[in-house]
Amino acid sequence: MKPSPEPEPASAANVTRRRFVQTASVAAAGWTIVPRHVLGRGYQAPSDTLNIAGIGAAGKGASDIDGCAGENIVALCDVDFEHARSTVAEYPDAKRYADFRVMLDEEPGIDAVTVSTPDHTHAVIALEAMRRGKHVFCQKPLTRTLEECRKLVDVARETGVATQMGNQGHAMEGTRQIREWLEAGLIGDVREIHFWTNRPIWKQAVDRPTEAHHVPEHVDWDLWLGPSPERPYHPDYYHPFSWRGWWDFGTGALGDMACHIMDAAFWAYDLRDPSTIVAETTRLYPESPPASCRIVYEFPASGGRPAMTAVWRDGGLLPPRHPSYDGRLPWPGATSGSAFFGSKGLLIGGTYGENPQLYPAKLMEEATASPPPQKYPRTGGVMEEWIAACKGGDTAPGSNFVDHAGPLTEMVLLGNLAVRTGETIRWDSKKMTAGSATANELIGAAYRKGWSL
C-alpha cells in the first residue's frame, strides 16, 4: 500500500487542487456557482463538487479517500486516528469522528461516503448511509455474510443511490481484454477455470489467543467490534491487520482476493448461482479459516453458457498446467491470478485481470497483430465511474451493488460455507438455503445488542 503523501507547504504559488476545493467550499459556502474561467483551467466549481466522508481512514481507506481528492473531503471517520495520522495530515480541514452514526447525524451535507473498514462492519455502515440517501463506495468483499449481501442489494435498489465496490480490476484494460478475447473464441470452448492466490499473508488457522491486552487510549475497541461478539483486544491478532483471519471479522483469503481474481470470469460468463460447492482444506479451526483450501464450484448451463467448473485455490496451491502452456513465462506467472482452460488454448490473467496472456504463443501473436474489436468501453477507473454516477451521470458504475458487486460477492461467499461446514453446499438462490441446517445457520449472523441490519 502506497502511503498518503505528506501535506504540501502552504503558499500562494503552491496550492493543490485538492486544498483549493476544500478551502473554497468552506470560505465561500454561500456561493452556488463559480464560473469556470474564474477558477482557471483544471478546477471545478463548488456546485460541481461532492461532499465526501471517508469511513475507515487508514490503509486502504487512505488510498480510497485519495481517489476522491478532487472532491471536498468534509469528514473522516475512524476508531484509531493514530493509525490514520497520515490521512489526517493530508486533510486537516476534515472533521473527525469515531462513530459513523454520529458523523451522519452531525454532517447532513455529506453527499457520499467511502467505506474501507474490516469486513464485519461493511454492511451496517453501507446500509445506514444508503438509507440516508448517501452514495456509497464500499471495499471488497461487499459484506461478510450472504444475508448482509442480499440486504445491501435490496436497499441499493430501493434507494437508487450510486454504488460501487472496490474491485478496481473491473474497470481496468485487462479485464475488458479478457472478456473480448473469450467472446471472440480465441481459446475455443471453455469449460474449466482456475483461480489461485498466495494469501493468507496474515495470522490464520489459529485458535483464539488467551491473553488479554489493555486497549490503547487512541483505539475505540467497542466501536471497532461493532456488530460482532465481544472479545478482548489483541494488537497482534485483530486490529489493525490480522482481522481477516477470523470468521467474526473477516472472510479469509477467499473473501479478501476472490472479488478481484474471479471478477473477469464472473463478468464474462455470468457465474452466479452455482449448483454445488465442495471444499478440501487443511485443518479446520472453530473461529479461524484454514491455512489453505481448494474449492470447486459447479455451474449448470444457463442461457448461452454451457455447464462450467471453477476451482479456487489459496495458501500457495497452484493449478495444473494446461496442454497449451509452452513455457514462455514461468508457470503460472503470478502469485495470484486466473486461468481459462479452452479447447484451443489457454488464457491467463493477473490478480486484477492485468497483463492477460494467451497460449500457445501463436494465439498471442495473432491477438496482438489483429485484436478483436473493443466491445466494452474503457473508463477512468472504479472511483471515477462512481464519482460520475454520484453527480448524476447516465451510466451506472461497473461494479455497482445491484448488477455486479452483490451477485459476485454472493458467489464468492458461498465458498466459505463449504469450507466452514466441510459439506457439499447445494445452493437454492430463491429460497436462500444451502442444503443443510449447519450451512443455513452461517448464511446470516447474530449481532450484538444495539446493532442490526
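This is a predicted model: local features need pLDDT of at least 70, side-chain atom pairs count only at pLDDT 80 or more; totals for chains, interfaces and linings use all residues.
Biologist: Are α7 and α14 roughly parallel or roughly antiparallel?
Modeller: The axes of α7 (residues 146-159) and α14 come within 9 Å and cross at roughly 175°. Angles over 145 degrees count as roughly antiparallel, so α7 and α14 are roughly antiparallel.

Biologist: And which residues of α14 does α7 meet?
Modeller: From α7, the residues taking part are L146, C149, R150, L152, V153, A156 and R157. On the α14 side they meet F401, V402, G406, T409, E410, L413, L414 and L417.

Biologist: Now the mixed sheet: what are the edge strands?
Modeller: That open sheet has 8 strands in the order β13-β12-β11-β7-β10-β9-β8-β14. An edge strand here pairs on one side only, and the two are β13 (357-359) and β14.

Biologist: Which helix lies across β7, β11, β12 and β13?
Modeller: The helix is made of residues 173-183. Relative to β12 (346-350), it runs at about 170°. The name you want is α8.

Biologist: How many residues of helix α10 are buried?
Modeller: Helix α10 covers residues 252-261, and its buried residues include G252, D256, C259 and H260. The helix is largely enclosed by the rest of the structure, because the buried count is 10 of the 10 residues.

Biologist: On to the aromatics: why is the pair of Y325 and W331 edge-to-face?
Modeller: Overall, the model has 14 aromatic pairs. In this one the ring centres are 4.9 Å apart. Planes over 60 degrees apart count as edge-to-face, and the planes of Y325 and W331 meet the rule because they stand at 65°.

Biologist: Are those two residues buried or exposed?
Modeller: Buried means under 20% relative accessible area. Y325 has a relative accessibility of 16%, and W331 has 15%. Y325 therefore counts as buried, and W331 likewise counts as buried.

Biologist: Which ring does the charged end of R231 sit over?
Modeller: There is a cluster here, in which ring pairs link W221, W224, Y233, Y237, Y238, W246 and F249. The charged end of R231 is 5.3 Å from the centre of one of these rings, that of W246.

Biologist: And how far is R328 from the ring centre of Y359?
Modeller: R328 lies over the face of Y359. The distance to the ring centre is 4.3 Å.

Biologist: What is omega for the cis peptide bond that joins W331 and P332?
Modeller: P332 is found in the loop between β10 (308-313) and β11 (337-342). Another cis bond runs from R199 to P200, with omega near 15°, and P200 is in the loop between β7 (190-196) and α9 (221-225). For W331 and P332, omega is about -5°.

Biologist: Last one: what is the phi of A205?
Modeller: A205 lies in the loop between β7 and α9 and is buried, with a relative accessible area of 15%. M432, in the loop between β14 (425-426) and α15 (437-441), has a positive phi of about 55° although it is not a glycine. A205 is also a residue other than glycine with a positive phi, near 60°.

Note on methods. Residues are numbered from 1 along each chain as its sequence is written. Side-chain values use heavy atoms; hydrogens and water are left out. Rings of Phe, Tyr and Trp (its six-membered ring) pair if their centres lie within 6.5 Å; planes under 30 degrees apart count as stacked, over 60 as edge-to-face and the rest as tilted. Buried means under 20% relative accessible area, exposed over 50%, partly exposed in between (1.4 Å probe, protein chains only). A charge sits over a ring if NZ of Lys or CZ of Arg is within 6 Å of the ring centre and within 35 degrees of the ring normal. Helices (H or I, at least four residues) and strands (E, at least two) are DSSP runs, numbered from the N terminus. Axes are lines fitted to C-alpha atoms, for helices over the stretch in contact, and angles run from 0 to 180 degrees between N-to-C directions. Angles under 35 degrees count as roughly parallel, over 145 as roughly antiparallel, 65 to 115 as roughly perpendicular and the rest as oblique. Contact means heavy atoms within 4.5 Å. Two strands pair if DSSP finds at least two bridges between them.
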